[in-house]
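This report describes selected parts of the structure shown below. The account moves from a loop to a sheet and then to a helix.

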Amino acid sequence: MDQNQNQPPNQSMSGRRPPELKPATVRKIVIGGVIAVLAIFLGSSSFYTVQEQERAAILTFGKYSGETSAGLHFKWPYPVQQVITVPAELTQRIHIGYRQEGSAAIPVDEEAMMITGDENIVSADAVVQWKISNIHDYLYNISDAEQFLRNAASSSIRAVIGSEKLDYAITDGKTVIQDKVREKLIELQSKYQTGIQIIDIKFQDIEPPSGQVAEAFREVTNAREEKNTKINNAAKYENDRIPKARGEAQALLENAEGQKKSRILNAEGDVAQFNAIFGEYKNNPNVTQSRLILETLEKILPNAKIFITNSNSDTVNYLPLNELMRSSGTGSTTTPPVTTPPVAEAPQGGTAQ
């Protein structure tokens, strides 16, 4: 104990004591730390980044004061200004009548089932595509945009399908119903100023409930499609046959017109020929009469041997018919001359000719 007490103070302690900080130095360090924290906080809250598919709404003391697009921007730190970003440049979708979970579609019957105008039940599934068009209206006029849009779409679909018949809704009227629902949905967004722009709405299915009813309507649909197919085939056949028939009819008309003109021209030629012959006949009727007689005899007696004599003289002509016939039978082409014998004395009582 005495030895320890006799040792110097600096040798009795294992280490040196840390220097004591003065109060002024401590105060400076604290103030500097506070300033650094404030600087970091102000720096982090004064700059913000807006992504490519977003737009930002600037709230000054809680009131909407403007908006900014994609990029790095400056604002006054909170609570002076506040930024709310929304995916205003992104096209979004909601499903009516079902929910999409991965690759599986889970039906939601309370949304899909509805009544048609002829009091039948039908199941309708649709997809609504939309985007934000007005940030101010989107943030302040509706509290839950997706739920509002889902309710509005379901109401529009029920209103349109409730005024149509089932057969029309599940067959030919799908496109028309789709356009009507889109117009009504756009009208609701404009009426309540939701800041939502409806891009499109497409029905996935409009069909009766599953079971025997669906099977019966499927058969009706198949029969209607078969009917339309036959109608189209008949129309195709009609379009093919009618032009051909019209062409054939036109060809017959043109052929008949050609024959008509040909016969008229032939008749006019015959008339002209007859008039020419008639003119010559009036000038010398005996020659024409003789020619016509000879031509007629040639037509009615084509193989007959015709001998022409002059009976105007006072003598009697002698025709050796036997020799003529005999010579024609042997093939001789030489016709013996017709001789005129002397006039025989006539018996008493007259003159023979």
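## A loop, a sheet and a helix

In this predicted model, Glu89 lies in the loop between β5 (81–86) and β6 (92–96). Glu89 is partly exposed, with a relative accessible area of 41%. Apart from neighbours within four places in sequence, Glu89 is in contact with Glu52, Gln53, Glu54, Arg55 and Lys131. Glu52 is 37 residues away along the chain, yet its C-alpha atom and that of Glu89 are separated by 7.8 Å.

Strand β5 also belongs to an open sheet of three strands, in the order β3-β2-β5, with antiparallel pairing. Because β3 (63–68) and β5 each have a single partner strand, they stand at the edges, and one side of each is left without a neighbour in the sheet. On average, neighbouring strands of this sheet are turned by 30 degrees against each other, direction ignored. Five bridges join β2 (residues 55–60) to β3 in the antiparallel sense, and Leu59 stands opposite Tyr64 in β3.

Helix α8 (residues 174–192) has 19 residues and reaches 27 Å from its first C-alpha to its last, close to the 27 Å expected at 1.5 Å a residue. Its two faces are set out here.

| Part of α8 | Residues |
|---|---|
| Buried | Ile177, Gln178, Val181, Leu185, Gln189 |
| Exposed, on the face turned away from the buried side | Thr175, Glu183, Glu187, Ser190, Lys191 |

The buried residues of α8 fall within an arc of 105 degrees seen down its axis, so they line one face of the helix. Their cover includes β10 (121–132), α6 (145–161), α7 (166–170) and β11 (196–207). Just after α8, Gln193 takes a positive phi of about 50 degrees.

Note on methods: Residues are numbered from 1 along each chain as its sequence is written. This is a predicted model: local features need pLDDT of at least 70, side-chain atom pairs count only at pLDDT 80 or more; totals for chains, interfaces and linings use all residues. Side-chain values use heavy atoms; hydrogens and water are left out. Helices (H or I, at least four residues) and strands (E, at least two) are DSSP runs, numbered from the N terminus. Buried means under 20% relative accessible area, exposed over 50%, partly exposed in between (1.4 Å probe, protein chains only). Contact means heavy atoms within 4.5 Å. Two strands pair if DSSP finds at least two bridges between them. Axes are lines fitted to C-alpha atoms, for helices over the stretch in contact, and angles run from 0 to 180 degrees between N-to-C directions. The expected span of a helix is 1.5 Å times one less than its number of residues. The arc is that of the directions from the helix axis to the C-beta atoms.
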